[in-house]
Amino acid sequence: MTLFKLWGFCHTLRHDGVDYGDYIEQLTYLLFLKMADEKAAVIPKGYGWNSLKKLSGIDLTDHYNEVLRKLRDAGGLLGEIFTQANSRFNNPVNLRRLLDMIDEEEWSAMDVDVKGAAFEGLLEKAASEGKKGAGQYFTPRKLIQSICHVMKPDPRGHKEFRIMDPACGTGGFLVSSYEWLIGETKGAFDRADIKRLKTSTYFGQELVARPRRLALMNMYLHGVEPHIYPGDTIYEPERGERYDIVLTNPPFGTKGANQAPEREDFTIETSNKQLNFVQHVVNILKPGGRAAIVLPDNCLFEDKAGEVFEIVMQDCRVHTILRLPRGTFTPYSQGVKANVVFLQKGQPTDEVWIYDARSNVPGITKKDRPLTGEHFAEFEKYYGNDPNGRSKRKDLGEEGRFRRFTLNDIKTRSYKLDINWLKDESLEENGDLPEPQDLATEAVTELEAVVDDLKEIIDLLENEAVEK
């Protein structure tokens, strides 16, 4: 009920000049203070949740402004979280009502992080009303958890171990990596490791201020101080840091990618953002480092994809690909068909194993067929216990979901990895045809790939004209 109250209240606040983006930001400040109080996180004395609960009227709005100012100036991680934080409330009655609604729940007991049920629900509502900005922030939690299960992001092995997400959004991969570690250790760490694990292990980068703020909040409420750099991962020079594990879901689409980044460390020049992320990920991995990258289908079949993976496979074992079910990113990007590519740096590719979790699997929907852990249980079994993808595996043949393809098989396909072998009978049943908007999204994705290729041809022709 709280979610519906919170969303309904958003409409009320519009009359107070607070749009949905501002409202969500104010909501995250207050949720953070409430959860920090529940978790006994360190907040400057006199400026926590309880300091707001007892006030009303102009005293409340004045003190709320003072709380945000104090936290902005706190320095350290708190100061980063509340950078440029300002109140958007003009009417103290509205702020009082929101405080009361938040205070009704024990948020920490819900097993959600600060971008959990309430926040995701609000963004989903906004997206369904045609607002922009929701889909880019989220990777489904069940998918992230499955990736962490097979990747085993365990930083206890050596003192310099680092985990990175160069497109971290609200921090889903970083939070789940830490939660995986807590599950493995029951929270019992060697005393010598605690400070390093809490302050020098988890890294990210995010271009957009609001999701970066949420990522910092998420990790802070888990007792971790991450390093999340602001800025554009692809169009800025890389900073020379190297990582043991990279887990990431680069932003989908080509919007805004009008030109190829000027990066000397990129071998293949392309304006495709995801393919540039692949090159970036490979470059920032340490020798022996591992990565799992979520990529839309066009990043496996367009011409530049073949060129990129030909280079990548010379330096990395691209050992496993998971074809995700249709609708995995419902409700944010319903029509996107995507994959997870697993690789390890330091040795060339000799074979690629592909697990098809898409063919003959009913499409994911928000209500009737939500994404669950069961969608990935069999994949995790066949992936095996070795996070490097070296567990003993069995090719299940043309009727099975798990197949092995040699490097020669890949070469004959010009290094394009969109390999299908199962006949998808579900698509032949009229009752399970993709929704029109899903088909449209799929068509747009393929058209974007064609546009990228045309851009490359135009650039070549322009260069030839200049040389003449």
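Which backbone oxygen does the side chain of Arg196 reach, and at what distance? The side chain of Arg196 reaches the backbone oxygen of Pro155 at 3.0 Å, a polar contact in the sense of a pair of N or O atoms within 3.5 Å, where within protein one atom must be able to donate a hydrogen and the other to accept it, and residues adjacent in sequence count only if both atoms are side-chain atoms.

This is a predicted model, in which local features need pLDDT of at least 70 and side-chain atom pairs count only at pLDDT 80 or more, while totals for chains, interfaces and linings use all residues. Residues are numbered from 1 along each chain as its sequence is written, and side-chain values use heavy atoms, with hydrogens and water left out.

**The protein as a whole**

The secondary structure comes to 17 helices and nine strands, taken as DSSP runs numbered from the N terminus (helices H or I with at least four residues, strands E with at least two). Of the 468 residues in the protein, 52% are buried, where buried means under 20% relative accessible area, exposed means over 50%, and partly exposed lies in between, with a 1.4 Å probe and protein chains only. Among contacts (heavy atoms within 4.5 Å) between residues at least 6 apart in sequence, 77% join residues at least 24 apart.

**Helices H4 and H6**

The axes of helix H4 (residues 57-72) and helix H6 (residues 92-103) come within 8 Å and cross at roughly 75°; such axes are lines fitted to C-alpha atoms, for helices over the stretch in contact, and the angles run from 0 to 180 degrees between N-to-C directions. That makes H4 roughly perpendicular to H6, a term for angles of 65 to 115 degrees. On the H4 side the contact is made by Gly57, Ile58, Leu60, Thr61 and Tyr64, and on the H6 side by Pro92, Leu95, Arg96 and Leu99.

Thr61, in helix H4, is buried at 6% relative accessibility. Leaving aside neighbours within four places in sequence, Thr61 is in contact with Pro92 and Leu95. The C-alpha atoms of Thr61 and Asn91 are separated by 7.9 Å, although these residues are 30 residues apart along the chain.

Arg196 is placed in helix H10 (residues 191-199) and is buried, with a relative accessible area of 12%. Not counting residues up to four places away in sequence, Arg196 touches Pro155, Arg156, His158, Lys159, Phe161 and Thr201. Asp165 lies in strand S1 (residues 163-165) and is also buried, with a relative accessible area of 2%. Beyond its neighbours within four places in sequence, Asp165 is in contact with residues including Phe173, Leu174, Phe203 and Asn249. The table lists the side-chain contacts.

| Side chain | Backbone atom reached | Distance |
|---|---|---|
| Arg196 | oxygen of Pro155 | 3.0 Å |
| Asp165 | nitrogen of Ala167 | 2.9 Å |
| Thr61 | oxygen of Ile58 | 3.1 Å |

**Positive phi in two loops**

Most residues other than glycine have a negative phi. Lys186, in the loop between helix H9 (172-185) and H10, has a positive phi near 55°, and at 72% relative accessibility Lys186 counts as exposed. Asn360, found in the loop between strand S8 (351-356) and helix H15 (374-383), has a positive phi near 60°, and at 30% relative accessibility Asn360 counts as partly exposed.

Definitions and conventions
Angles under 35 degrees count as roughly parallel, over 145 as roughly antiparallel, 65 to 115 as roughly perpendicular and the rest as oblique.
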